[in-house]
Amino acid sequence: MKDLRTTYSELKTKAIELMESGNLSAYVNTLKEVNTVKRKLVLVELRA
């Protein structure tokens, strides 16, 4: 759970940096990863 939260915040920060730098394809790919991790977090919280 803690690892997922750490991964989520790191990916979110990376996505913001990519957006600011204008690298849109990498930004969209990172957003997909953020979404996947967020879904896993929700599933873990629902099971707890």
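The model is predicted, so local features need pLDDT of at least 70 and side-chain atom pairs count only at pLDDT 80 or more, while totals for chains, interfaces and linings use all residues. Residues are numbered from 1 along each chain as its sequence is written, and side-chain values use heavy atoms, with hydrogens and water left out.

**Overall layout**

The chain has two helices and zero strands. Both terms refer to DSSP runs numbered from the N terminus: H or I of at least four residues for helices, E of at least two for strands. Along its principal axes, the C-alpha trace spans about 40 × 15 × 10 Å. Of the 48 residues, 19% count as buried. Here buried means under 20% relative accessible area, exposed means over 50%, and partly exposed lies in between (1.4 Å probe, protein chains only). The chain exposes about 3,900 Å², of which carbon and sulfur atoms supply 55%. Accessible areas come from the Shrake-Rupley method with a 1.4 Å probe, and for residues only the protein chains shown count as cover.

**Helix α1**

Helix α1 covers residues 2-21. Its 20 residues should span 28 Å at 1.5 Å a residue, and the end C-alpha atoms are 29 Å apart, which agrees. The expected span is 1.5 Å times one less than the number of residues. Tyr8, Leu11, Ala15 and Leu18 are buried in α1. They cover an arc of only 95° around the axis, which puts them on the same side of α1; the arc is that of the directions from the helix axis to the C-beta atoms. The buried residues of α1 pack against α2. On the other side of α1, Lys2, Glu10, Glu17, Glu20 and Ser21 are exposed. Just after α1, glycine 22 takes a positive phi of about 90°.

Helix α2 covers residues 24-47 and includes threonine 30. Threonine 30 is buried, with a relative accessible area of 3%. Leaving aside neighbours within four places in sequence, threonine 30 is in contact (heavy atoms within 4.5 Å) with Leu11, Lys14, Ala15 and Leu18. Tyrosine 27 is also in helix α2. The C-alpha atoms of tyrosine 27 and lysine 12, 15 residues apart along the chain, are separated by 9.9 Å.

**Salt bridge and surface patch**

A salt bridge is a side-chain nitrogen of Lys or Arg within 4 Å of a carboxyl oxygen of Asp or Glu. By this rule there is one salt bridge. Arginine 5 forms a salt bridge with glutamate 45, the closest N and O atoms being 4.0 Å apart. The pair links distant parts of the chain, with arginine 5 in helix α1 and glutamate 45 in helix α2, 40 residues apart.

Val42, Leu43 and Leu46 make a nonpolar surface patch of about 300 Å². Patches are made of residues with over 30% relative accessible area and no salt bridge; like charges are joined within 9 Å and nonpolar side chains (Val, Leu, Ile, Met, Phe, Trp, Tyr) within 5 Å. Leucine 43 is in helix α2.
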